Amino acid sequence: MPIQGSRGCTFKCTFCSETRLYRYKNPKKLIEDITKLNKEYGVENFWFTDSLINGSISLFENFVDILNKNIDEKKIPKIKWGGYFRTHKKMNKKFMKKAKKSGLMYMSIGVENGVPKILSLMEKNQTPIVIRNFLKSCAQNKILFDANWIPGYPKETSMDFLVGLKFLYDVKNYFKYGEECGRINL
């Protein structure tokens, strides 16, 4: 079932037309909506249509905590959910374990590149280390993901392209773990 928890984006990447105006639905209200859809219609699978579900990491953490509490207290059954994400240093192994417990099954992640120069040109406000740790946290918790990648970005040289390939080679093990896997979307 499609559901929306926020609108807009907190960043302004140079390749994107999404607005910086970011509005996030109160996590308690979002849980009420999920509970209602579950009780009235038996919905157990949710896809967050937000451009960026973790744009406010504190509100997102609150959402995951409240969702886990509601599941633990049997107010709602275990659900499955996913959506569009951005890499974030706070989404480490420990936090991803909580998110997995809350039902997070799949992530479409705006990685875009693994080269500092290109990430800077994109104004991603990310580093290859943050991206690597984020992908590793997904793998460690067996959360399926698509890593969105933009090859041939303007001002990307042949050497930059090769450095990007080296980055992908270095993180290749995070894309295959047991029967689960991550994918790269170009």
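A residue is called buried when its relative accessible area is under 20%, exposed when it is over 50%, and partly exposed in between, with a 1.4 Å probe and protein chains only. The structure is a predicted model, in which local features need pLDDT of at least 70 and side-chain atom pairs count only at pLDDT 80 or more, while totals for chains, interfaces and linings use all residues. Residues are numbered from 1 along each chain as its sequence is written, and side-chain values use heavy atoms, with hydrogens and water left out.

The chain contains six helices and nine strands, where helices (H or I, at least four residues) and strands (E, at least two) are DSSP runs numbered from the N terminus. Its radius of gyration is 17 Å, close to the 16 Å that the globule rule gives for 186 residues, so the chain is as compact as a globular protein of that length. This radius is taken over C-alpha atoms, and the rule is 2.2 Å times the number of residues to the power 0.38. The C-alpha trace spans about 55 × 40 × 25 Å along its principal axes.

Of the 186 residues, 47% are buried. Among contacts (heavy atoms within 4.5 Å) with a separation of 6 or more, 74% are between residues 24 or more positions apart. The accessible surface is about 9,900 Å², and carbon and sulfur atoms hold 55% of this area. Accessible areas come from the Shrake-Rupley method with a 1.4 Å probe.

Helix H5 covers residues 128–140. Its 13 residues should span 18 Å at 1.5 Å a residue, and the end C-alpha atoms are 18 Å apart, which agrees. The expected span is 1.5 Å times one less than the number of residues. Buried residues in H5 are Pro128, Val130, Ile131, Phe134, Leu135, Ser137, Cys138 and Ala139. In general, an α-helix has 3.6 residues a turn, so residues three or four places apart point the same way.

Glu112 belongs to strand E6 (residues 104–112) and counts as buried at 7% relative accessibility.
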